[in-house]
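Please look through the structure below with the text beside it, taking one residue at a time before turning to the chain as a whole.

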Amino acid sequence: MCRGRPKGVRFVVWLKMAIIGSIDGARGLPRAEADAGYLSPHMAKTAYAYAEFNARVWGDLQLEHEETFAALSNLMDVITQDKLRLSTANERLQAALHQEPDRTRHYGEEEITESEVAQRRRREQQKRLVPYRRAVASLEDKLAEATEQFIAQYSEVTEAEHTTALMCERVQKHLGQQISIYWNYVVWRHPKRNQLPAAPPAVTFHNIGEEIYLQHHAAVRAKMDAFRRSLHGDKKTEVTD
């Protein structure tokens, strides 16, 4: 059993746990329970404090990104509709491109050569294609902008979730270290120290806030993830083409 200060634990935290553990141990705490093992008010309080912390940080994340989730759902609808409009615009452009040009002479063209007539007809055809090409370009720009917004906001939410999960993991680790310090000093001062286990009883840290958050967003998250993969697939297809 080591009662020294573990690496990464601040002196003030170590001292606090050492004092609490020493006091509880001297009082004969924790006491063995028939069905529940060793019950320690301090350890139970630590687990409860973590559950409150977990609920608070994930609740804050929910409030912070509530509007972002709504914006992402709207962007998915916008992108889907823009893809359909772009497909239709491209079909119209292709139909116009494959339309046979008019090669007949018009009034006033009796004196020019066949080559000059053909050049005029081609220029006229290019002018007729301008609205089709402009429509395609406009929709491509709009789709690219909406896609960029979706990816940026999607990444923002994903990064925030990842950061929050890592923060909770670090807090759990620190609390586990604190419980180990506490338990070492409990055993040191406990009148029945020889009957106590060397390692502290396992403490369950409930991630109730994270579970509620993930359940609440499960359906939309699955939809967003699949949509993000489809956008990535579209980009790979564009590069191949």
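Phe53 has its place in helix α2, where helices (H or I, at least four residues) and strands (E, at least two) are DSSP runs, numbered from the N terminus. The model is a predicted one, in which local features need pLDDT of at least 70 and side-chain atom pairs count only at pLDDT 80 or more, while totals for chains, interfaces and linings use all residues. Residues are numbered from 1 along each chain as its sequence is written, and side-chain values use heavy atoms, with hydrogens and water left out.

Phe53 counts as buried because its relative accessible area is 16%; buried means under 20% relative accessible area, exposed over 50%, and partly exposed in between, with a 1.4 Å probe and protein chains only. Leaving aside neighbours within four places in sequence, Phe53 is in contact with Met167, Cys168 and Val171, contact meaning heavy atoms within 4.5 Å. The C-alpha atoms of Phe53 and Asn207 are separated by 9.2 Å, although these residues are 154 residues apart along the chain.

Helix α2 also holds Gln62, which counts as buried because its relative accessibility is 17%. Apart from its neighbours within four places in sequence, Gln62 is in contact with Tyr213, His216 and His217. An α-helix has 3.6 residues a turn, so residues three or four places apart point the same way. How far apart are the end C-alpha atoms of α2? They are 34 Å apart, which agrees with the 34 Å that its 24 residues should span at 1.5 Å a residue, the expected span being 1.5 Å times one less than the number of residues.

Not counting residues up to four places away in sequence, Leu75 touches Ala146, Gln149, Phe150 and Gln153. Between the C-alpha atoms of Leu75 and Leu143, which are 68 residues apart along the chain, the separation is 10.0 Å.

Two loops can be looked at next. Gln99 is found in the loop between α3 (66-97) and α4, and at 52% relative accessibility Gln99 counts as exposed. The C-alpha atoms of Gln99 and Gln125, residues that are 26 apart along the chain, are separated by 9.2 Å. In the loop between α1 and β1 (31-33) sits Pro30, and the peptide bond that leads from Leu29 to Pro30 is cis, with omega near 0°.

The second largest pocket has a volume of about 260 Å³. On a 1 Å grid over the protein atoms alone, a pocket is an open set of points where a 1.4 Å probe fits, with protein on both sides within 12 Å along at least five of seven lines, and lining residues have an atom within 4 Å of a point. Which elements give two or more residues to its lining? They are α1 (11-26), α2 (41-64) and α4 (114-189), and α1 gives the most, with five residues. The lining of the second largest pocket includes Val12, Val13, Lys16, His42, Lys45, Leu175 and Gln178; by class, it has seven nonpolar, three polar and two charged residues.

Finally, the chain as a whole may be considered. The protein chain has six helices and two strands, and from the N terminus on its elements run α-β-β-α-α-α-α-α. Buried residues make up 33% of its 241 residues. Of the contacts in the protein chain with a separation of 6 or more, 79% are between residues 24 or more positions apart.

How values were computed
Points joined across faces, edges and corners; volume = space filled by probe spheres on them. Nonpolar A, V, L, I, M, F, W, Y, C, P; charged D, E, K, R; others polar.
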